[in-house]
Amino acid sequence: MADIVLDKVSKRFPDGTTAVQDVDLEIADGEFVILVGPSGCGKSTTLNMIAGLEDISSGELRIAGERVNDKAPRDRDIAMVFQSYALYPNMTVRENMAFPLRLAKMDKETINQKVEEAAKVLELTALLDRKPANLSGGQRQRVAMGRAIVRQPKAFLMDEPLSNLDAKLRVQMRTVVSRLQKQLGTTTVYVTHDQTEAMTLGDRVVIMRGGAVQQVGPPQELYDHPRNLFVAGFIGSPSMNFLHAKVEEGRLRTALGDVPIGERVRRELEAGDAPRELILGVRPEHFEDAALIDDETRARGVEFEAPVDIVESMGSDKYVYFTVEGERATAAELEELAADAGAADFAGAGSNLVTRLSAESPVREGENRRVWFNLEKIHLFDPGSGRNLTLHEGRSAGALAD
Amino acid sequence: MSVNATPAGAEAAAEAEQPTGKHAAVPAQRARRGAGAPLSDNKRAERRLGWLLCAPAALVMVLVTAYPILYSVWLSLQRFDLRFPDERQFVGLENYVTVLTNDFWWTAFGVTMLITVVTVAVELVLGMGLALIMHRTLVGRGIVRTAALIPYGIVTVVAAFSWRYAWTPGTGYLANLFDGSAPLTERASSLAIIMLAEIWKTTPFMALLLMAGLALVPEDLLKAASTDGATAWQRFTKVMLPVMKPAILVALLFRTLDAFRVFDNIFVLTNGGNETSSVSMLAYNNLIRGLNLGIGSTMSVLIFITVAIIAFVFVKLFGTAAPGSDDGERR
């Protein structure tokens, strides 16, 4: 077990592209850190550099305080789990799991004992003498995990280990991975492109974009206090709603009506280089059916009326989609996020607003509905730099804060 | 699509039903596993179509392969020398006794075996090296591959002549390196040169087959092995070779069968002098030069049987799968 430190680590390929740029990251002993981002953001390259499968172009990588930049993977004492599982097809499950131990020249008895132990933890005992070809996806995945844990390495590196499983199994395996990591207390770096996995698994989440770290923090902090537009849009499902907002007469003019702003945001906007056009971000759960809230709550937000497009009842609550007229919010980050979600060419006219209302709301498709949203929970972003303007000392306090 | 499946065959039938007609060959192949289940009309029609599609190729094979083989078997059972056509007579296995008790045959057989074993072994090692180089090359990949394949592209007889001239004392550059000695006039050195020429020519072919095998090794597997603590050599022997095994066996089989029939290099380099004849040379000498159809055919049949045994050993004992077939071993 050990801590892992990345000190201004960069990766440049011979053709001049920079895959990873100046990543600073300190992973504490026993911590579970998730690297997440859209494809091509450099998360896998970063993981491969920690594993030693890719050279580090500049910067320093330390595992347990020791510089390992020039060490071969086999000398770093780390175990890796791959998306493809990478099981040796010619070996049985037992031989697969014993492979790293055999290479480490352990005696047969110890190897057997360790493999049996790991197999018990992962419920693989009955499968030990099968070949990988005769296993299901979930079983193969567990064997890959088993091969990683038998060795008791300094750290686990996992490269999208659950991405090849079907949705149901993935949720199941997520808890298996999480429990295993807590049980063993081994430092773990986990790469995924799935923000749900990132939110549910990690102690801390590192969001990457274009080779650079966007924000590092516990999942809830990233969710509540995103530093920029990209983080705000990436974390959360369904994702945050983004609306075009114009600063006029000390108010924000948006498609949802005028929004008042507090002292702090006003000061922020009065600065010389402050943008006159902003992007307003509201998460779906910060909307509520206006008929269902008391007056005290009502005072903390504003209301608007819009035609209901689609109602999806989830039982516990309702996802209600509204069509809102007006200018669309545009920014490089948002386009990138849309492209990653595969929705770049699928936007339609006007803005689509996703809201999560109480299950008691009698909302029906086709009608006009009055909806309230919480001003304390909204975010304002600079469309140019993507910066979150409502963020103050790392906390977001909405538009009204003084 | 209606499928009349008994419970026993139900699983196979259900599996076979999934693919649509687009991959007609796949369900047909799978259906074989569920043998015993009554065939639906659909299946039967599909099977008939399969036979019809195979028929032209099978017919051509019978005409150009089966007929000559059977004819030479028939000839091998006769005393039949074109110089004495009147003495033609059915003699049963007498020709086989003659050949198999003859020292020339066994010398040639020994030479052929030696050439086969040595050249295939050396080609495997060199071919693997070459395949790894071609597989790993990042810069100028096309040029490297083309250069490596040149020897294989040269007509064997032409290459053999160039070797012969190279080893000719006085004019040959290789002979001059060795103080103008005449290596092609001695048995050991002649055999060595024959093997050298064979290896030089067919290593690229071996490399090509092995490179196809290398492509079967997933990159992740090697990465996993290196994080598991394997050295480069261990990655090669413990991960790459086992995964490549089917490809290696196919390459070995092809090359062994080819090498056993070695002819042109010997024909040009020594013409079988100094006891360097291979069995193919011997058969040629008896059949074409000696005009002894009976003995020559007997030798041809013996070569055919040996080749069949080699193939049988490879397929049955080593489990060589035909290229393209998937018996689960590869995954």
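The legends below accompany several close-up views of a predicted model. Local features need pLDDT of at least 70 and side-chain atom pairs count only at pLDDT 80 or more, while totals for chains, interfaces and linings use all residues. Residues are numbered from 1 along each chain as its sequence is written, chains are lettered from A and ligands numbered from 1 in the order in which they are written.

**View 1. The two domains of chain A.** Chain A is assigned domain 1 (4-229) and domain 2 (239-396), with bounds taken from an automatic or database domain assignment. Taken over C-alpha atoms, the centres of domain 1 and domain 2 of chain A are separated by 37 Å. Eight residues of domain 1 of chain A touch 15 residues of domain 2 of chain A; two residues are in contact if their C-beta atoms, placed from the backbone, lie within 7 Å. On the domain 1 side, the touching residues divide into three nonpolar, three polar and two charged. Here Ala, Val, Leu, Ile, Met, Phe, Trp, Tyr, Cys and Pro count as nonpolar, Asp, Glu, Lys and Arg as charged, and the others, Gly among them, as polar.

**View 2. An open sheet in chain A.** Four strands with antiparallel pairing follow the order β2-β1-β4-β5 in chain A. Strands are DSSP runs of E with at least two residues, helices are runs of H or I with at least four, and both are numbered from the N terminus. Two strands pair if DSSP finds at least two bridges between them. At the edges of the chain A sheet stand β2 (18-27) and β5 (66-67), each with a single partner strand, so one side of each has no neighbour in the sheet. Two bridges link β4 (residues 58-63) of chain A with β5(A), and A:R62 has A:R67 of β5(A) as its bridge partner.

**View 3. Strand β19 of chain A and its partners.** Strand β19 (residues 368-374) of chain A pairs antiparallel with β15 (residues 287-289) of chain A over three bridges, and A:E288 stands opposite A:W372. Seven bridges also join β19(A) to the antiparallel strand β16 (residues 301-313) of chain A, with A:P307 partnered by A:N368.

**View 4. A closer look at A:N374.** This residue, A:N374, belongs to strand β19 of chain A. Setting aside neighbours within four places in sequence, A:N374 contacts A:H286, A:R300 and A:G301.

**View 5. Helices α11 and α14 of chain B.** The axes of α11 (residues 232-260) and α14 (residues 293-317) of chain B come within 10 Å and cross at roughly 170°. Axes are lines fitted to C-alpha atoms over the stretch in contact, and angles run from 0 to 180 degrees between N-to-C directions. The two helices, α11(B) and α14(B), are therefore roughly antiparallel, the label for angles over 145 degrees. Contact residues include B:L249 and B:F260 of α11(B), and B:T306 and B:F314 of α14(B). The contact residues divide into eight nonpolar, two polar and no charged.

**View 6. Helix α13 of chain B among its neighbours.** Eight of the eleven residues of α13 (residues 279-289) of chain B are buried, among them B:V279, B:M281, B:Y284 and B:L287. The buried residues of α13(B) pack against α5 (103-136), α12 (264-269) and α14 of chain B. Just after α13(B), B:L291 adopts a positive phi of about 60°.

Terms used. Angles under 35 degrees count as roughly parallel, over 145 as roughly antiparallel, 65 to 115 as roughly perpendicular and the rest as oblique. A residue is buried if 20 or more other C-beta atoms lie within 10 Å of its own, exposed if 12 or fewer, and partly exposed in between; C-beta atoms are placed from the backbone.
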